[in-house]
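Student: I am new to this structure. Could you take me through it, beginning with the core?

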Amino acid sequence: MTDTAKIPDVSADVSAEERLGTVGVARRAAGAPESERASRLWWDADADDYLAEHGRDIGESEFVWCPEGLREADAGLLGDVRGRRVLEVGCGSAPCARWLAAQGAHPVALDLSGAMLRHAAALGAGTGISVPLVQAGAERLPFADASFDIACSAFGAVPFVAEPERVMREVARVLRPGGRWVFAVNHPMRWMFSDDPGPDGLTVRQSYFDRTPYVEVDADGRATYVEHHRTLSDRIRDIVAAGLVLDGLVEPEWPEGRETVWGQWSPLRGALFPGTAIFVCHRP
Ligand SMILES: C[S@@+](CC[C@H](N)C(=O)[O-])C[C@H]1O[C@@H](n2cnc3c(N)ncnc32)[C@H](O)[C@@H]1O
């Protein structure tokens, strides 16, 4: 979401933008409390639309890492999950946590948004795979030290927080020594382009090095959606500073023949540059 244009008017359905009174985009600082408030507002307002649009792609009890369609069942980035205590950070409707439960893991699914967690609870009842749900922000995890064997996140929380270094430190704290932390975010180079899946999304619009947050605002200038950019080296620095070891970086390629258009992700852009970065880390 890096367009600097005005948010277009929406007519038929009531969109999250309409509900929140979003009138435009500002490029300005946004601290941790403001970012967290905006994320809660946004994901509460957008939960129904998000699931109507992406529900089929993410599945009810699937673990899909990214719009490129990489599945944990094929990638095995988390290792053997059977019997492991797994924390999912920014779970949304929790399809990944339900997949983990079906594999014999003991997941806990955490999200900031009550509306997302209501979908998670309904899908838990509908699929018969209920997982423990916790409403909290990723910068302050409400768990004891060393209480998980594995932590994971598929585009949950990390791109939306003002202080991702705190998320890294919190995850390191709640992991037991030897525990694994794997998280997927939009590939940092995407920041240079507008969020357009078509040809307009192929032109560089801003500097990769510009960390000024993308902030959508209401008529009073209050943030209604915030996204924070970090470069690859920023992400690696945060991981290392939290005392974690980076074991690998996965840049999934767009699979030949995959026609899905998922927000800014598309076959056109996917053939040319990466859309997702997955960091594979462990606590030593
Ligand atoms: C793009 S969705 C991804 C969710 C899930 N992985 C999926 O594929 O449906 C991002 C999720 O991160 C959550 N989130 C955003 N900021 C958060 C924060 N600071 N702490 C915890 N969750 C957060 C949102 O509420 C939303 O459910």
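Student: How many residues does the largest nonpolar core have?

Tutor: This is a predicted model, in which local features need pLDDT of at least 70 and side-chain atom pairs count only at pLDDT 80 or more, while totals for chains, interfaces and linings use all residues. Residues are numbered from 1 along each chain as its sequence is written. A nonpolar core is a set of buried Ala, Val, Leu, Ile, Met, Phe, Trp, Tyr and Cys residues joined through C-beta atoms within 7 Å, and buried means that 20 or more other C-beta atoms, placed from the backbone, lie within 10 Å of a residue's own. The residues with the most contacts inside the core include C96 and L100, and its total is 75 residues.

Student: Which helix gives the most to this core?

Tutor: Helices here are DSSP runs (H or I, at least four residues), and strands are E runs of at least two, numbered from the N terminus. The top contribution is 8 residues, and it comes from helix α2.

Student: How many residues of helix α4 are buried?

Tutor: Helix α4 spans residues 95-102 and is mostly covered. Among its buried residues are P95, W99 and A101.

Student: In β6, which residue is the bridge partner of C152?

Tutor: Strands pair if DSSP finds at least two bridges between them. β5 and β6 run parallel and are joined by 6 bridges. In β6, the partner of C152 is V182.

Note on methods. A residue is buried if 20 or more other C-beta atoms lie within 10 Å of its own, exposed if 12 or fewer, and partly exposed in between; C-beta atoms are placed from the backbone.
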